[in-house]
Amino acid sequence: MRVWSRLEWRQQSQLLDERYRLRRLHDGLRVAATSRRDYEPHDVTDDEAAIQADAIEGRLAAVDEALERIDSGGYGICLVCGSGIADERLEALPATALCLSCAG
Ligand SMILES: [Zn+2]
């Protein structure tokens, strides 16, 4: 069994916290979007809460993928160029899958 680095442990706990936070935020937004829709059925596409909830779904997917990469051993490796992602970047953006140059 592969031994996790200290960075991986730390990033996993950060990612789990982030996932919990995003899920709560997401559920709150979906409730807001749904309850407002009952009163303003014509205003669905402009509904800011629904748009924000969609954006959060994207971030949740990125967090889940990062957690999978920690499990499989690919965490911290850029998906585009295959080089290592700097620790500082991972600490700032735990769910990132790209190194600085590929993200830019
Ligand atoms: Zn890269």
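1. Of the 104 residues in this chain, 12% count as buried. The model is a predicted one, and its secondary structure comes to 4 helices and 0 strands, so that, read from the N terminus, the elements run α-α-α-α. Among contacts between residues at least 6 apart in sequence, 53% join residues at least 24 apart.

2. Helix H2 covers residues 48–72, and its 25 residues, at 1.5 Å a residue, should span 36 Å, which agrees with the 36 Å that separates its end C-alpha atoms. Within H2, the residues Ala-53, Val-63 and Ala-66 are buried, and just after the helix Gly-73 takes a positive phi of about 95°.

3. Two of these buried H2 residues, Val-63 and Ala-66, belong to the largest nonpolar core, whose 5 residues also include Leu-15, Tyr-75 and Ala-95. When neighbours within four places in sequence are left aside, Ala-66 is in contact with Leu-15, Tyr-75 and Ala-95, and also with Pro-94 and Ala-97. As a general background, nonpolar side chains in soluble globular proteins tend to be buried together.

4. Val-31 and Ala-53 are 22 residues apart in sequence, and their C-alpha atoms are 10.0 Å apart in space; Ala-53, for its part, is one of the buried residues of H2.

Key: Residues numbered from 1 in each chain as written. Predicted model: local features only at pLDDT ≥ 70, side-chain atom pairs only at ≥ 80, totals over all residues. Core = buried A, V, L, I, M, F, W, Y, C linked by C-beta atoms within 7 Å. Buried ≥ 20, exposed ≤ 12 C-beta atoms within 10 Å, placed from the backbone. Contact = placed C-beta atoms within 7 Å. Helix = DSSP H or I, 4+ residues; strand = E, 2+ residues; numbered from the N terminus. Expected span 1.5 Å × (residues − 1).
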